[in-house]
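This report walks through one protein chain, from its fold to single residues.

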Amino acid sequence: MSALSCAAFVLAGCVTERSYGQAQEIVRGSPAARQEAINRCARGINEGSAARRAEIARIVNVSPRSNVGRTYCTRAFTGIANGRISYEDFRTRSPQFIRVVQGR
């Protein structure tokens, strides 16, 4: 898996601690790579079921009519890049992970 693909699939949950670290460095050091990862992540969520989008909207405290995928992915990848979301937070969807995707 290429490094950029790794960054794009971080939020899909199919990553090891090593690949998470690689993706974190990529999105930390390259605004273009971070934006591409956010775009891919948001597309994946927005193409999912309405029920899944509504569930994510409730978690991140936004309207289901808003761009749920963009909000969730931007918050998550920003948290990954700035170190507020650790691999363990990501893996377990810890309270810290939830706080970050809620914009707190």
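Helices (H or I, at least four residues) and strands (E, at least two) are DSSP runs, numbered from the N terminus. By that count R93 lies in the loop between helix 6 and helix 7. The model is predicted: local features need pLDDT of at least 70, side-chain atom pairs count only at pLDDT 80 or more, and totals for chains, interfaces and linings use all residues. Residues are numbered from 1 along each chain as its sequence is written, and side-chain values use heavy atoms, with hydrogens and water left out.

**Fold**

The protein has 7 helices and 0 strands. From the N terminus, its elements read α-α-α-α-α-α-α. Buried means under 20% relative accessible area, exposed means over 50%, and partly exposed lies in between (1.4 Å probe, protein chains only). Of the 104 residues, 40% count as buried.

**Helix packing**

Two packed helices are described by the angle between their axes and the distance between the axes. Here axes are lines fitted to C-alpha atoms, for helices over the stretch in contact, and angles run from 0 to 180 degrees between N-to-C directions. Angles under 35 degrees count as roughly parallel, over 145 as roughly antiparallel, 65 to 115 as roughly perpendicular, and the rest as oblique. A crossing is left-handed if the near helix is turned anticlockwise from the far one by less than a right angle, and right-handed if clockwise.

The axes of helix 4 and helix 5 come within 10 Å and cross at roughly 50 degrees. Helix 4 is therefore oblique to helix 5. Their crossing is left-handed. Helix 3 also packs with helix 5, at an angle of about 140 degrees and with the axes 8 Å apart. Helix 3 and helix 5 are thus oblique to each other. Helix 3 passes helix 5 in a right-handed crossing.

In soluble globular proteins, nonpolar side chains tend to be buried together.

**Rings**

Rings of Phe, Tyr and Trp (its six-membered ring) pair if their centres lie within 6.5 Å; planes under 30 degrees apart count as stacked, over 60 as edge-to-face and the rest as tilted. The whole structure holds 3 aromatic pairs. In one of them, the rings of Y72 and F97 have centres 6.4 Å apart and planes at 65 degrees, so this pair is edge-to-face. Y72 lies in helix 5 and F97 in helix 7, so the pair ties together parts 25 residues apart in sequence. Y72 counts as buried, at 11% relative accessibility. F97 is buried too, at 2%. Y20, Y87 and F90 form one aromatic cluster.

F97 has a charged neighbour. A charge sits over a ring if NZ of Lys or CZ of Arg is within 6 Å of the ring centre and within 35 degrees of the ring normal. R93 lies over the face of F97, at 4.9 Å from the ring centre.

**Contacts across the sequence**

The table lists C-alpha pairs.

| Pair | Separation along the chain | C-alpha distance |
|---|---|---|
| A76 and F97 | 21 residues | 7.8 Å |
| E88 and E17 | 71 residues | 8.4 Å |
| S86 and Q96 | 10 residues | 8.9 Å |

A76 is found in helix 5 and is buried, with a relative accessible area of 0%. E88 lies in helix 6. At 41% relative accessibility, E88 is partly exposed. S86 sits in the loop between helix 5 and helix 6. S86 is partly exposed as well, at 31%.

**Backbone**

Most residues other than glycine have a negative phi, and most peptide bonds are trans. N61 is not a glycine, yet has a positive phi of about 60 degrees. N61 is in the loop between helix 4 and helix 5, and counts as exposed at 55% relative accessibility. R93, also not a glycine, has a positive phi of about 50 degrees. R93 counts as partly exposed, at 32%.
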